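Subject: Structure handed over, with notes

Hello,

Please find the structure below. My notes on the sheet and the helix packing follow it.

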Amino acid sequence: MTSASVPIESENSRPTPTIEDYLGIIYTLERDGQPVIASRLAEMLDVSAPTVTITLKRMQRDGWIMSGEKKEIRLSSTGQEAAKTVIRRHMLTEWMLSRVLNVPWSQIHEEAHHLEHSISRDVELRLRDSMEDPSFCPHGNPLPGNEALAAAWFPLTECAVGQDVIVRRIHERAEDNQLLLAFLEKNSVLPGHKARILDVLPFNETVRLNIGGEIITLGYSAARQVYVEIVPGST
Ligand SMILES: [Zn+2]
Ligand SMILES: [Zn+2]
């Protein structure tokens, strides 16, 4: 078992669950090149703006974040390491729930969200080994350090009619959307599944696809969360 790539962590200096949630969201927004501002966090965390302001002040005081120009928030290097740690633990827990406990795919994110805060470094390493050191979570989102592997995938809204694609990823943005995940699971819109694009209708904001012989229509807001790769050798 190798542990070189996992930073040493003192459990005493571990952030609280609330701070871990903020760190994870800030990391994901930074990774995607999205602006990290308090109002956006309030919206994503479904809490009031004053609550976010208070928490961010505390995080700055404790060295997890720095505030940059135009109210933009950036992770400090300590904040970045802590964010990567909680994201890794979350994603490994999703695999464990899926593979070991057979929790349905659409429910593992929600369950892992509660468990991730109580995973120790030792359990994380054991999970990593028993889940065979995955590069992606069961939704296809990259574990920190594997982002480049997902860089070429693009959302369904950018597909051309007639393209054969492989579903690769349901973006983190959608993992909180229980109804959407249940719909995708029921209709086999899952990482690794092949689909043919039947139409992309900007005026109607819909994408229609054939997946496993079933015809599925997704609105743009859902289709934007589903990332695909063109089947090698097809046009
Ligand atoms: Zn998740
Ligand atoms: Zn996931």
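Two strands are taken to pair if DSSP finds at least two bridges between them. Helices (H or I, at least four residues) and strands (E, at least two) are DSSP runs, numbered from the N terminus. This is a predicted model, in which local features need pLDDT of at least 70 and side-chain atom pairs count only at pLDDT 80 or more, while totals for chains, interfaces and linings use all residues. Residues are numbered from 1 along each chain as its sequence is written, and chains are lettered from A and ligands numbered from 1 in the order in which they are written.

Six strands form an open sheet in the order 3-8-4-5-6-7, with antiparallel pairing. Its edges are strand 3 (154-155) and strand 7 (214-219), each of which pairs on one side only.

Strand 6 and strand 7 run antiparallel and are joined by six bridges. Isoleucine 216 in strand 7 is the bridge partner of leucine 209. The two strands form a hairpin with two residues between them, and glycine 212 in that turn has a positive phi of about 60°.

On the other side of leucine 209, what stands opposite it in strand 6? Isoleucine 197 stands opposite leucine 209 in strand 6. Strand 5 (residues 194-201) and strand 6 (residues 206-211) run antiparallel, joined by five bridges. Valine 200 has valine 207 in strand 6 as its bridge partner. Strand 5 and strand 6 also form a hairpin, here with four residues between them, and glutamate 205 in the turn has a positive phi of about 55°.

Strand 4 pairs with strand 5 in the antiparallel sense over three bridges. Within that pairing, isoleucine 166 stands opposite lysine 194 in strand 5, and valine 165 has alanine 195 in strand 5 as its bridge partner. Strand 4 also pairs with strand 8 (residues 226-230), again antiparallel, over five bridges. Valine 167 stands opposite valine 228 in strand 8.

A residue is called buried if 20 or more other C-beta atoms lie within 10 Å of its own, exposed if 12 or fewer, and partly exposed in between, with C-beta atoms placed from the backbone. Strand 4 (residues 164-170) is largely enclosed by the rest of the structure, because five of its seven residues are buried.

Helix packing

For the angles below, axes are lines fitted to C-alpha atoms, for helices over the stretch in contact, and angles run from 0 to 180 degrees between N-to-C directions. Two residues are in contact if their C-beta atoms, placed from the backbone, lie within 7 Å.

Helix 4 (residues 77-99) and helix 5 (residues 105-115) have axes that come within 8 Å and cross at roughly 130°. Helix 4 is therefore oblique to helix 5; angles under 35 degrees count as roughly parallel, over 145 as roughly antiparallel, 65 to 115 as roughly perpendicular and the rest as oblique. The crossing of helix 4 and helix 5 is right-handed: a crossing is left-handed if the near helix is turned anticlockwise from the far one by less than a right angle, and right-handed if clockwise. Helix 4 contributes His90, Thr93, Glu94, Leu97 and Ser98 to the contact, and helix 5 contributes Trp105, Ile108, His109, Glu111, Ala112, His113 and Leu115. By class, the residues of this contact are five nonpolar, five polar and two charged. Ala, Val, Leu, Ile, Met, Phe, Trp, Tyr, Cys and Pro count as nonpolar, Asp, Glu, Lys and Arg as charged, and the others, Gly among them, as polar.

Helix 5 also meets helix 8 (residues 178-186), where the axes come within 7 Å and cross at roughly 145°. Here Trp105, Ser106 and Glu110 of helix 5 meet Gln178, Leu181, Ala182 and Glu185 of helix 8. That contact has three nonpolar, two polar and two charged residues.

Helix 1 (residues 17-31) and helix 2 (residues 38-45) pack at about 115°, with their axes 11 Å apart, and this crossing is right-handed. Asp21, Tyr22 and Ile25 in helix 1 meet Leu41, Met44 and Leu45 in helix 2. The contact of helix 1 with helix 2 divides into five nonpolar, no polar and one charged.

Alanine 38

Alanine 38 lies in helix 2. The residue is partly exposed, with 18 other C-beta atoms within 10 Å. Leaving aside neighbours within four places in sequence, alanine 38 is in contact with Ala49, Val52, Thr53, Leu56 and Lys71. Alanine 38 and leucine 149 are 111 residues apart in sequence and 30 Å apart in space, C-alpha to C-alpha.

Regards
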